[in-house]
Amino acid sequence: MIPLLMKFFDLFGTPVLGVMIINNIAALFSAILLYKLTNDFTASKLFLCSPIAVFTFIAYTESIFILLTLLVLYLYKNEKYIAAGICLGLGVCCRNMTAMLFFAIFVIMAIKFLQKKLSIITILKMYIPATLISLIYPTYLQINFGNWKSFMDVQFQYWYRIHSNIFTAIMADIKFLSI
């Protein structure tokens, strides 16, 4: 999403500044949503004043990612499943780590379905838009570059990142914590 936002703001001659303004607005709305979810003003203040908040004010994906994650949780809590699905799909487009939220909410909904507290239609209301939107970026990459995972390949090749999956990441964290 950040490259698309930068391209949009480049039309006005201020790509980085435009994204920074969007990120500041997203951080503010995230604090408001955090308050609505927790009913705790201290949590919102700590979010905005924490050392990690530096990354929410610069041209990184963190602000939009946090905003979309909190929006998904807020909309899901308020049973606005289609809107939550749209935000979930946009979140996956913003950062592929949102796929973990995608999976976690699906597990919760599947358990509620098995307990007969949720219908399959409700699950579909959320996951059809989420899936369709989350497939936009890989489809774009496939059409333009002939490789749906070209972004990951570029990270590996030029930025020396490793190919990993969630299970290897969890095992690395467990090993680190057990030291």
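**Exercise 1. The main core**

Task: In this predicted model, find how many residues the largest nonpolar core has, and which of them have the most contacts inside it.

Solution. 
Step 1. Count the members. The largest nonpolar core has 21 residues.
Step 2. Assign the core to helices. α4 (62-77), α5 (81-94), α6 and α7 each supply at least two of its residues.
Step 3. Neighbours within four places in sequence are set aside; Val-72 then touches Ala-84, Cys-87, Leu-88, Leu-101, Ile-105 and Met-126.

**Exercise 2. α4 against α5**

Task: State at what angle the axes of α4 and α5 cross, and how they are oriented.

Solution. 
Step 1. Take the geometry. The two axes cross at roughly 160° and come within 8 Å.
Step 2. Classify. An angle over 145 degrees counts as roughly antiparallel, so α4 is roughly antiparallel to α5.
Step 3. The crossing of α4 past α5 is left-handed.
Step 4. List the contact. α4 brings Ile-64, Phe-65, Leu-68, Leu-71, Val-72, Leu-75 and Tyr-76. α5 brings Tyr-81, Ala-83, Ala-84, Cys-87, Leu-88, Leu-90, Gly-91 and Cys-94.
Step 5. Sort by class. This contact of α4 with α5 has 14 nonpolar residues, one polar and no charged ones.
Step 6. Check one member. Leu-90 sits in α5. Its relative accessibility is 30%, so Leu-90 counts as partly exposed.
Step 7. Met-171 is 81 residues from Leu-90 along the chain, and their C-alpha atoms are separated by 28 Å.

**Exercise 3. α6 against α7**

Task: Describe how helix α6 and helix α7 pack, and which residues meet.

Solution. 
Step 1. Place the helices. α6 covers residues 98-114 and α7 covers residues 120-134.
Step 2. Take the geometry. They pack at an angle of about 165°, with axes 10 Å apart.
Step 3. Classify. The angle is over the 145 degree cut-off, so α6 runs roughly antiparallel to α7.
Step 4. The crossing of α6 and α7 is left-handed.
Step 5. List the contact. From α6 come Phe-102, Ile-105, Phe-106, Met-109 and Phe-113. From α7 come Ile-120, Thr-122, Ile-123, Met-126, Tyr-127, Ala-130, Thr-131 and Ser-134.
Step 6. Sort by class. The contact of α6 with α7 holds ten nonpolar, three polar and no charged residues.
Step 7. Visit the loop. Lys-116 lies in the loop between α6 and α7. Its phi is near 65°, a positive value in a residue other than glycine. At a relative accessible area of 75%, Lys-116 is exposed.

**Exercise 4. α2 against α3**

Task: Determine whether the crossing of α2 and α3 is left-handed or right-handed, and describe the loop residue Asn-39.

Solution. 
Step 1. Take the geometry. α2 (residues 15-38) and α3 (residues 41-49) pack at an angle of about 155°, with their axes 8 Å apart.
Step 2. Classify. That angle makes α2 roughly antiparallel to α3.
Step 3. Answer the hand. The crossing of α2 and α3 is right-handed.
Step 4. List the contact. Ala-27, Ser-30, Ala-31, Leu-34, Tyr-35 and Thr-38 of α2 meet Phe-41, Ala-43, Ser-44, Phe-47 and Leu-48 of α3.
Step 5. Sort by class. The contact of α2 with α3 has eight nonpolar, three polar and no charged residues.
Step 6. Visit the loop. Asn-39 is placed in the loop between α2 and α3. It is not a glycine, yet its phi is positive, about 55°. With a relative accessible area of 62%, Asn-39 is exposed.

**Exercise 5. The whole chain**

Task: State how many helices and strands the chain has, and what its C-alpha trace spans.

Solution. 
Step 1. Count elements. There are ten helices and zero strands.
Step 2. Along its principal axes the C-alpha trace spans about 50 × 45 × 40 Å.
Step 3. Of the 179 residues in the chain, 30% are buried.
Step 4. Take contacts between residues at least 6 apart in sequence; 56% of them join residues at least 24 apart.

Terms used
Residues numbered from 1 in each chain as written. Predicted model: local features only at pLDDT ≥ 70, side-chain atom pairs only at ≥ 80, totals over all residues. Heavy atoms only, no water. Axes fitted to C-alpha atoms, helices over the stretch in contact; angles between N-to-C directions. Helix = DSSP H or I, 4+ residues; strand = E, 2+ residues; numbered from the N terminus. Parallel < 35°, antiparallel > 145°, perpendicular 65-115°, else oblique. Left-handed = near helix turned anticlockwise from the far one by under 90°. Contact = heavy atoms within 4.5 Å. Nonpolar A, V, L, I, M, F, W, Y, C, P; charged D, E, K, R; others polar. Core = buried A, V, L, I, M, F, W, Y, C linked by side-chain atoms within 4.5 Å. Buried < 20%, exposed > 50% of the residue type's maximum accessible area, 1.4 Å probe, protein only.
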